[in-house]
Each structure stands twice: as structure tokens, then as C-alpha cells.
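Student: Please take me through one part of this model in detail. I would like a close look at a single site.

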Amino acid sequence: MYPKLIENLIEQLVKLPGVGRRSAERMVYWFLKQSNEDVKAFANSVVQLKEGLRFCRRCNNLSEADICLVCADANRDQKMMCVVESPKDLLAIERTGSFKGLYYVLLGVISPAEGRGPEDLNIQKLLMRVREEGITEVVIATDPDTEGEMTALHLTRELKASGTRVSRIGLGIPVGSSLEFADLSTLSMSMSSRRTLTE
Ligand SMILES: [Zn+2]
């Protein structure tokens, strides 16, 4: 029905989250109305996103440099560490302004259903940092769903030998939900009401 070039772009656009065929068609017509330069700038920024970003060598957050902006900030509490599942969760906590320490991004969770065990998470790197940097408290901020709780339990066991205090973000976030969708005040409260798991 459409020229092949339009059909090609629609096929790509419907892969985006929340984009159906109707919206994809509208986007195609929007692109057609833009100048050549604007469309090129748009396409380039998508390409550069993948080429220019990497995982922070220290915490696995998304970064343009070897070390991310959070890790590079000397004003942060260098003895507190928050463990999250993804860079999106790190961002969600950063938005609340309720945590001033460092992070460790797991880039996943333990999920027997999807065949992912503890060995698939880079926990050794986390343990090494806690030891070498003398971290005094690790706040586990994985999602309050089955996989997140399972991961938190495993991390607590692994961290026990390090002698650091381990805590878990607390009240407010509904069980089974995801950190990144929690509103600012809920997430902020959750951080301040964290409970200690080990001393
Ligand atoms: Zn970092």
C-alpha cells in the first residue's frame, strides 16, 4: 500500500515501546515534512547514542566517558553504595535527591524463569569494590518483586562476610512493582525508611 521506503521506516518505528502502526504512520509524515538536515540530525543522534555510550568501568551506569558523572563527583559520600538493577533505576533514585552516595548497577537480576543465576550478575566486581573502597553501608534497591527480592537475598548473603552494613529500601513501593515507575516522594521515603538486614 505504501512505497517501500515508507513501509521500511514504519516497520522500524513500531518496534519502539508504545508505538503502534497509526502513530508510526504519523511519525513518517512528520519526518517527510522536516528539512533534510533535521532528519539527518535525528538519525545521527540515534546512531551516536549507541556508538558514544558505554558502561561506567566502576559502577556500570551508562556513561560517555570511562567513568560516569556520578562516580566522578568527589562531593558524593564515598562510603555509601546503592545497588540497583539498571541505569534507569539509578536515574529514578537520582531524581529524588535522597541518596548522595555511590552506586553499583547489576545490569540484571537473578531470574530462574529466564535461566539467569547469580553467576550471570557481576557480583564479584561489587564485592571487590565494597572491600577495596571500605564501603560502610550497601543499600539494596532492587525491585520489590520476586526476582528483585531473590537478588537482594543473595547479595545480603554474599556481602555478610565483608562486614559492611546491608540495608534494603523500605516502605511505600507496592510489592511486585518496579522502581522506575515509583513516584518521587514514594521512592524518596523508601530510601529514608530503609531497613538494616545485617550489621
Ligand atoms: Zn559510575
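Student: What is the geometry of the site of the zinc ion, judged by the angles among its four donor atoms?

Tutor: First, the ground rules. This is a predicted model, where local features need pLDDT of at least 70, side-chain atom pairs count only at pLDDT 80 or more, and totals for chains, interfaces and linings use all residues. Residues are numbered from 1 along each chain as its sequence is written, and side-chain values use heavy atoms, with hydrogens and water left out.

Now the site. It is tetrahedral, with angles of 105 to 116° among the four donor atoms of the zinc ion. Four donors count as tetrahedral if all angles lie between 85 and 135 degrees. The ideal angle for four tetrahedral donors is 109.5 degrees.

Next, the ligands. The SG atoms of C56, C59, C68 and C71 coordinate the zinc ion at 2.3 to 2.4 Å. Donors are N, O and S atoms within 2.8 Å of the metal (3.2 Å for Na, K and Ca); water is not among the atoms, so sites may look incomplete. Along the chain, the donors of the zinc ion are spaced C-x2-C-x8-C-x2-C.

Last, burial. C56 and C59 are both buried. Buried means under 20% relative accessible area, exposed over 50%, and partly exposed in between (1.4 Å probe, protein chains only). Elsewhere, F99 is also buried, at a relative accessible area of 3%. Y103 is buried at 0%. F31 is buried at 14%, whereas W30 is partly exposed at 43%.

Notes: Tetrahedral: all angles 85-135°; square planar, octahedral: opposite > 155°, others 65-115°.
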